Amino acid sequence: MTKRNTHGYTLVEMLVYIGLFSIVSITVVGAILQFFLVFGKVRSERATAAQATIALERIIREIQLSDHLDDASVLGVNPGTLTLATLVDSGQTVATTRSFFIQNNVLMLQEGLASSIPLTSGVKVTNLVFHN
């Protein structure tokens with residue numbers, strides 16, 4: 001009877017180990033990739049929500065400070081325009097207008113005849129409807 005070498009692995013054992021290692025590796029790498037995809041999406045949604053909150057707070061504040069809604073407002077359609085007339089000083093007789101509108105997918109604010117300034121950055125505004 002010949003003595004077998006019991007040190008080492010057979011070819012079948014090696015194929016089974018490599019197969020198991022491949023399955024575990026693919027599963028782990030897939031889970032890590034999925035984690036990073038979800039993390040990026042959550043970060044993007046959080047940035048969008050922050051931009052929307054800042055813009056809405058500004059619009060609400062301007063509405064509260066306004067004297068009346070200007071006739072230049074475009075309500076009930078997309079893209080809408082909200083133009084507010086505000087008396088800055090109590091002795092002022094001519095109102096200053098503030099307009100909110102979309103330009104190149106950015107929410108903009110224009111005060112009087114001054115250049116418009118962006119209220120959002122890094123997000124794409126696709127829909128803006130104001131209702132009275």
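Student: Which residue forms a salt bridge with arginine 98?

Tutor: Glutamate 62, with the closest N and O atoms 3.4 Å apart. A salt bridge here is a side-chain nitrogen of Lys or Arg within 4 Å of a carboxyl oxygen of Asp or Glu. This is a predicted model, where local features need pLDDT of at least 70 and side-chain atom pairs count only at pLDDT 80 or more, while totals for chains, interfaces and linings use all residues. Residues are numbered from 1 along each chain as its sequence is written, and side-chain values use heavy atoms, leaving out hydrogens and water.

Student: Where do arginine 98 and glutamate 62 sit in the chain?

Tutor: Arginine 98 is in strand β3 (residues 96-103) and glutamate 62 in helix α1, 36 residues apart, so the pair links distant parts of the chain. Helices (H or I, at least four residues) and strands (E, at least two) are DSSP runs, numbered from the N terminus.

Student: Buried or exposed, glutamate 62?

Tutor: Buried, at 4% relative accessibility. Arginine 98 is buried too. Buried means under 20% relative accessible area, exposed over 50%, partly exposed in between (1.4 Å probe, protein chains only).

Student: What about glutamate 62 and arginine 58?

Tutor: Their side chains meet in a salt bridge at 3.1 Å, N to O. They are four residues apart in helix α1 (residues 11-65), so about one helical turn separates them.

Student: Which glutamate in strand β4 pairs with arginine 58?

Tutor: Glutamate 111, with closest N and O atoms 3.2 Å apart. Strand β4 covers residues 106-111, and the two partners are 53 residues apart. Glutamate 111 is partly exposed, at 31% relative accessible area.

Student: How many salt bridges does the structure hold?

Tutor: Four. Arg58, Glu62, Arg98 and Glu111 are linked in a network of them.
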